Amino acid sequence: MEQGSIERDIHVDASPEVVFEVVSQPEHMREWWPDDARFEPVAGAPGELVWRNGETGETTTVALAVVEVDPPKRFSFRWCFTDADRSGQSLLVTFDLLPSGAGTLVRMTETGFREMGWEIAVLEEQYRDHETGWDHYIRRLGTYVARLVATS
């Protein structure tokens with residue numbers, strides 16, 4: 001199995017400008033992905049994503065660092081750092097937004113799995129978890145964009 005990168009595409013009926021806001025602004029991101037997102041959409045800015053376990057109420061906080069902000073074409077960030085101070089290896093998530101007819105093709109790519117230095121069992125588990133997660137959250141992104149456009 002190849003664990004180099006994960007790529008997911010979704011077509012949404014909204015302009016790249018609208019979709020850029022949805023993937024790069026914390027107040028929109030928390031509507032389709034984490035329970036909370038805290039960061040400034042500025043290259044180099046640190047931030048956090050927070051998930052809450054609905055059963056236990058426990059939270060998991062993951063550090064991120066914004067890498068590229070190029071409206072309305074691309075937004076990328078690093079997360080899952082191997083070191084608490086946002087150094088060491090990390091995964092890179094990139095949202096490329098491509099005009100497509102009256103809408104936008106959203107291409108999410110997550111790379112860096114092999115570079116993390118995980119043992120093979122951990123690598124395989126993390127890769128599977130991220131694949132499953134993106135399958136779920138990319139659909140939620142599409143649903144949220146549709147709802148956002150319908151109410152504006």
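These legends accompany close-up views of a predicted model. Local features need pLDDT of at least 70, side-chain atom pairs count only at pLDDT 80 or more, and totals for chains, interfaces and linings use all residues. Numbering starts from 1 along each chain as its sequence is written, and side-chain values use heavy atoms, with hydrogens and water left out.

**View 1. An open sheet of seven strands.** The strand order is β1-β7-β6-β5-β4-β3-β2, and the pairing is antiparallel. Strands (E, at least two residues) and helices (H or I, at least four) are DSSP runs, numbered from the N terminus. Two strands pair if DSSP finds at least two bridges between them. β1 (5-12) and β2 (36-39) are the edge strands; each has a single partner, so one side of each is left without a neighbour in the sheet. On average, neighbouring strands are turned by 20 degrees against each other, direction ignored. Axes are lines fitted to C-alpha atoms, for helices over the stretch in contact; angles run from 0 to 180 degrees between N-to-C directions.

**View 2. β5 beside β6, with two helices packed on the sheet.** Strands β5 (residues 74-79) and β6 (residues 91-100) run antiparallel and are joined by six bridges. S76 has T94 in β6 as its bridge partner. Helix α1 (residues 16-24) touches β1, β2, β4 (59-70), β5, β6 and β7 (103-111). Its direction makes about 165 degrees with that of β6. Helix α3 (residues 120-150) touches β1, β3 (46-52), β5, β6 and β7. The direction of α3 makes about 15 degrees with that of β1. Contact means heavy atoms within 4.5 Å.

**View 3. The β2-β3 hairpin.** Four bridges join these antiparallel strands. F39 stands opposite G47 in β3. Six residues lie between the strands, and G44 in the turn has a positive phi of about 95 degrees.

**View 4. The β3-β4 hairpin.** Here seven bridges join the antiparallel strands. P46 faces A65 in β4 as its opposite residue. Again six residues lie between the strands; G57 in the turn has a positive phi of about 80 degrees.

**View 5. The largest pocket.** Its volume is about 270 Å³, meaning the space filled by probe spheres set on grid points joined across faces, edges and corners. A pocket is an open set of points on a 1 Å grid over the protein atoms alone, where a 1.4 Å probe fits, with protein on both sides within 12 Å along at least five of seven lines; lining residues have an atom within 4 Å of a point. The lining includes W33, W51, W79, D129, H130 and W134. β4 and α3 are the elements that give two or more residues. α3 gives the most, with five.
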